[in-house]
Amino acid sequence: MYKIDKLLGQIVTIKTVSGMEIIAQLISNDDTNNTICLDHPKLVVVTNEQIAVIPYTFTSKSATIFIDKSHVLSITESLPSSADDYNTVVEEDSKELADK
């Protein structure tokens, strides 16, 4: 399997076995429970021939989530430009929540 621990704290792109692509900060890797923990996950989608990110969930607060590693096909460090865009979106989301 991957050496996931070297990606801790990094912005990563996760491809799930169902085909979803998620971008998030990798917070932890728990081999005992076979899970990874992600901070501020966003789904990557293609709209109007452009790549965009949308909330991981629309009906709940999903600032931190746990995913069973059996649902993960791959975990890779995100491209720098994608990580920068992701960080901008997370900062904007955080400001928006603070204003409410």
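Contact is defined here as heavy atoms within 4.5 Å. By this criterion, and not counting residues up to four places away in sequence, I14 touches M20, E21, I22, I36, L38, V72, S74 and I75. The structure is a predicted model, in which local features need pLDDT of at least 70, side-chain atom pairs count only at pLDDT 80 or more, and totals for chains, interfaces and linings use all residues. Residues are numbered from 1 along each chain as its sequence is written, and side-chain values use heavy atoms, with hydrogens and water left out.

The protein chain has a mean pLDDT (the predictor's confidence in each residue, from 0 to 100) of 92, and 94% of its residues score at least 70. Where pLDDT is low, the predicted coordinates should not be read in detail.

One helix and six strands are present in the protein chain, helices (H or I, at least four residues) and strands (E, at least two) being DSSP runs numbered from the N terminus. Their order along the sequence is β-β-β-β-β-β-α. The radius of gyration, taken over C-alpha atoms, is 13 Å, close to the 13 Å that the globule rule (2.2 Å times the number of residues to the power 0.38) gives for 100 residues, so the protein chain is as compact as a globular protein of that length. The C-alpha trace spans about 40 × 30 × 25 Å along its principal axes. Of the contacts between residues at least 6 apart in sequence, 51% join residues at least 24 apart.

Buried residues (under 20% relative accessible area, with exposed over 50% and partly exposed in between; 1.4 Å probe, protein chains only) account for 31% of the 100 residues.

Two polar residues were examined individually. T16 lies in strand 1 (residues 11-16) and counts as buried because its relative accessibility is 6%. Its side chain makes a polar contact with the side chain of S18 at 3.0 Å; such a contact is a pair of N or O atoms within 3.5 Å, where within protein one must be able to donate a hydrogen and the other to accept it, and residues adjacent in sequence count only if both atoms are side-chain atoms. Not counting residues up to four places away in sequence, T16 touches I22, H71, V72 and L73.

S78 occupies the loop between strand 6 and helix 1 and is buried, with a relative accessible area of 6%. The side chain of S78 reaches the backbone oxygen of V12 at 3.3 Å. With residues up to four places away in sequence not counted, S78 touches I11, V12, T13, I23 and A83.
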